[in-house]
Amino acid sequence: MASDGAGAEEARRIGERIREELARRRLSRQWLADAARISLSTLEKALAGSRSFTLMTTIRIEEALGLSLRGEGGAAAASSLPTLAPQELGAYARPAVSWLEGDYLTLRPSAGEAGSVYAHLLGIAWDEARGLLAFREAARIDPEFTQGGTVGVSNLSGHVYLVTNDLGQYRLVILGRPTIAGELYGVLTTLQVGQGTSLMPVTMPIALVPLKPGQPSPALGRISPGHPDFAAYRRHVDRVTADGFARMLM
């Protein structure tokens, strides 16, 4: 499925612009990592093309360098930009949802290996042009399925919705209220390849664990029993139903 966010070509262009600015200003990559509140490893991998620039990472680098990296036309008058998200997403203003902005470690059951946990990154950031929160996945071992889309926040239920809509084909994540540590737990409903080329709907638990600026890069990919991080990752996935964030009915 197609998704919102920077594609490979834009990621390459962003990387080139960052390298040019660092060389022109005689700044080190460590300086930029510290100023943007990201790890040097994350920056190095993004500049090398082995990891995508998440929305939050891109915005932090823009703030550190004082320039726009996401295309031209950044000088549009602020008065012409929307200040509220669309009604169908909750009509929220940025100050009310700024707590959601950041990078997350996303954990869910592996569809390809029973009992294992699939881990990748996800960034949530404010999209100035559209006046809403947007999300973008990164560092998937199956990059062709990288997802992105819009974020809905309901004042009625307090739930958060990550919505991908590609020509009427939807993928939906529903997340409950955050824990005191900022973790978000809920369910993912998407399509999975079934017999042959057929697709079938599947629903599974999902956890979003906030990443703190500068912390070591987490283990990503398919995390199987025996991996040093498996038990911790599995506990997050199991909390969805064990702690009542969602219920699976049969």
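I began with Ile38, which sits in the loop between H2 and H3. Helices here are DSSP runs of H or I with at least four residues, strands are E runs of at least two, and both are numbered from the N terminus. The model is predicted, so I noted the limits: local features need pLDDT of at least 70, side-chain atom pairs count only at pLDDT 80 or more, and totals for chains, interfaces and linings use all residues. Residues are numbered from 1 along each chain as its sequence is written, and side-chain values use heavy atoms, with hydrogens and water left out.

**Entry 1: Ile38**

Is Ile38 buried or exposed? I found 8% relative accessibility, so Ile38 counts as buried. Buried means under 20% relative accessible area, exposed means over 50%, and partly exposed lies in between (1.4 Å probe, protein chains only). Next I listed what Ile38 touches, skipping residues up to four places away in sequence. The list is Ala33, Leu43, Thr57, Arg60, Ile61 and Gly214. Contact means heavy atoms within 4.5 Å. I also checked Pro213. In sequence, Ile38 and Pro213 are 175 residues apart. In space, their C-alpha atoms are 4.9 Å apart.

**Entry 2: H2 against H4**

Two packed helices are described by the angle between their axes and the distance between the axes. I looked up both values. The axes of H2 (residues 29-36) and H4 (residues 55-65) come within 8 Å. They cross at roughly 110°. Axes are lines fitted to C-alpha atoms, for helices over the stretch in contact, and angles run from 0 to 180 degrees between N-to-C directions. H2 and H4 are therefore roughly perpendicular to each other. That label covers 65 to 115 degrees; under 35 is roughly parallel, over 145 roughly antiparallel, and the rest oblique.

Which residues make the contact? From H2 come Trp31, Leu32, Ala35 and Ala36. From H4 come Arg60, Ile61, Ala64 and Leu65.

**Entry 3: Ala64**

Ala64 lies in helix H4. At 21% relative accessibility, Ala64 counts as partly exposed. Beyond residues up to four places away in sequence, Ala64 touches Trp31, Leu32, Ala35 and Ala36.

**Entry 4: how H4 is covered**

How many of the 11 residues of H4 are buried? I got nine, so H4 is mostly covered. Among them are Leu55, Met56, Ile59 and Leu65. What covers the buried residues includes H1 (8-25), H2 and H3 (40-48). Strands S1 (102-109), S2 (117-127) and S3 (132-138) are also included.

At 8% relative accessibility, Glu62 counts as buried. Leaving aside neighbours within four places in sequence, Glu62 is in contact with Leu67, Ser68, Leu69 and Arg70. Just after H4, Gly66 takes a positive phi of about 70°.

**Entry 5: the whole protein**

I stepped back last. The protein has six helices and nine strands. Of its 250 residues, 44% count as buried. Its C-alpha atoms fill a box of roughly 60 × 45 × 40 Å, taken along the principal axes. Among contacts between residues at least 6 apart in sequence, 53% join residues at least 24 apart.
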